[in-house]
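The sequence and structure come before the notes.

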Amino acid sequence: MRGCFLPILIRLGYPVLPDPDTYPDRDVVIYDGQCSFCASGVKRLHQLDRFGKRLAFLSLHDERTAERYPDLTHEMLMQEMFVVDSEGNRHGGADAVRYFSRRLPLLWIAAPILHVPGTASLWRHLYRFVGRNRYWISQKFFGGKPDCDGDSCSIHLRR
């Protein structure tokens, strides 16, 4: 059924993220699909992958995530985005961002600053701060609200 609407969505300008089932040879980006801040970041990442077609995307809330990556717990995935590369290596949080800066040509410009020797712990700390506060950032600055049932995400909106 999803495929029936695909051409309509594309014509309307909605970005359709590549699915790992359709593109099994791509790196899989696992992100929080209930966070509008995260979803908009993933859409930008998809746009940056325009030339290479290297990435596929999967929400951590998709049942396939737990089936395919049992070593990545729900708690781990709620703390940071992960990329599972085509060789099965896991890159999480700031290390995933650094991985993108090497993998996607449009991000090569960011690689020198992200890979300055001795700065990895700084980038990890900054990423953890943003990750912990992503629902609040989404609500405060982007007007987004998590797509949750009832109060299931209210814990994430506390500061």
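Which residues are buried in helix 7? In this predicted model, they are A120, Y127 and G131. The notes below start with that helix and then turn to the pocket and the cores.

**Helix 7**
- Helix 7 runs over residues 120-132, 13 residues in total.
- From its first C-alpha to its last, helix 7 reaches 18 Å, close to the 18 Å expected at 1.5 Å a residue.
- The buried residues A120, Y127 and G131 lie on the same side of helix 7 because they cover an arc of only 35° around the axis.
- S121, L122 and R132 are exposed on the other side of helix 7.

**Largest pocket**
- The volume of the largest pocket is about 720 Å³.
- Its lining has 28 residues, and those nearest the centre are F37, G41, M81, V97 and Y127.
- Two or more lining residues come from each of helix 2, helix 4 (74-79), helix 5 and helix 7.
- Helix 2 gives the most to this lining, with seven residues.

**Nonpolar cores**
- The largest nonpolar core has 16 residues, and V29, L45, L55, F57 and F100 have the most contacts inside it.
- Strand 1 (27-31), helix 2 (36-48), strand 2 (55-59) and helix 5 (94-103) each give two or more residues to this core.
- Helix 5 gives the most, with four residues.
- Leaving aside residues up to four places away in sequence, F100 touches V29, L45, L55, M81, V83 and L107.
- Another core, of 13 residues, lies apart from the largest one and includes L58, L60, L77 and F82.

Note on methods
Residues are numbered from 1 along each chain as its sequence is written. This is a predicted model: local features need pLDDT of at least 70, side-chain atom pairs count only at pLDDT 80 or more; totals for chains, interfaces and linings use all residues. Side-chain values use heavy atoms; hydrogens and water are left out. A nonpolar core is a set of buried Ala, Val, Leu, Ile, Met, Phe, Trp, Tyr and Cys residues joined through side-chain atoms within 4.5 Å. Buried means under 20% relative accessible area, exposed over 50%, partly exposed in between (1.4 Å probe, protein chains only). Contact means heavy atoms within 4.5 Å. The expected span of a helix is 1.5 Å times one less than its number of residues. The arc is that of the directions from the helix axis to the C-beta atoms. On a 1 Å grid over the protein atoms alone, a cavity is a set of points where a 1.4 Å probe fits but cannot get out, and a pocket is an open set with protein on both sides within 12 Å along at least five of seven lines; lining residues have an atom within 4 Å of a point. Grid points are joined across faces, edges and corners, and a volume is the space filled by probe spheres set on the points.
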